[in-house]
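Hi there,

Here is the structure I promised to pass on to you. Have a look at it first, and then read my notes below.

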Amino acid sequence: MYKNCPCCGSTEKRNTNVSGVFKCSCGAIYGECNKAEADQFVGSKWYKGQCEAPEYVDLIIDGSRFHGWVEPATKKIVQVG
Ligand SMILES: [Zn+2]
């Protein structure tokens, strides 16, 4: 589904430990995986407060898309969309 990074458009990417999910040189995480695999990239809780350097995540999780920003250390959701 993703030919290039949905955040910056680059095709330069590294593999993550989930096949089908990649990390772009801009830091964005994108690809397709299932819910269990997605847990390491996106948490289920909201981040509270100001996040200085959120990480862009764009994943097709079990067929439905999540895209937004997470706090890199905790993977808590900063913003959806
Ligand atoms: Zn990118």
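**What I found**

Strands β4 and β5 (residues 64-70) run antiparallel to each other and are paired over seven bridges. Two strands count as paired if DSSP finds at least two bridges between them. Strands themselves are DSSP runs of E with at least two residues, helices are runs of H or I with at least four residues, and both are numbered from the N terminus.

Before going further, please keep in mind that this is a predicted model: local features need pLDDT of at least 70, side-chain atom pairs count only at pLDDT 80 or more, and totals for chains, interfaces and linings use all residues. Residues are numbered from 1 along each chain as its sequence is written.

Back to that pair of strands. One place to look is Glu55, which stands opposite Val70 in β5. β4 and β5 make a hairpin, with two residues between them. Asp62 is in the loop that joins β4 and β5, and its phi is positive, near 50°, in a residue other than glycine. Is Asp62 buried or exposed? Asp62 is exposed, because 12 other C-beta atoms lie within 10 Å. The cut-offs are these: a residue is buried with 20 or more other C-beta atoms within 10 Å of its own, exposed with 12 or fewer, and partly exposed in between, with C-beta atoms placed from the backbone.

β4 (residues 55-61) has another partner too: strand β3 (residues 29-33) pairs with β4 in the parallel sense, over five bridges. Within β4, Ile60 is the bridge partner of Glu32.

Lys75 sits in the loop between β5 and β6 (77-80), and its phi is positive, about 65°, although Lys75 is not a glycine. Lys75 counts as partly exposed because it has 19 C-beta neighbours inside 10 Å.

Now for the whole chain. How many helices and strands does the protein chain have? There are one helix and six strands, and from the N terminus on they follow the order β-β-β-α-β-β-β. The C-alpha atoms fill a box of roughly 35 × 25 × 20 Å along the principal axes. The radius of gyration of the protein chain is 12 Å, which agrees with the value near 12 Å for a compact globule of 81 residues; this radius is taken over C-alpha atoms, and the globule rule is 2.2 Å times the number of residues to the power 0.38. Buried residues make up 23% of the 81 residues.

Enjoy exploring!
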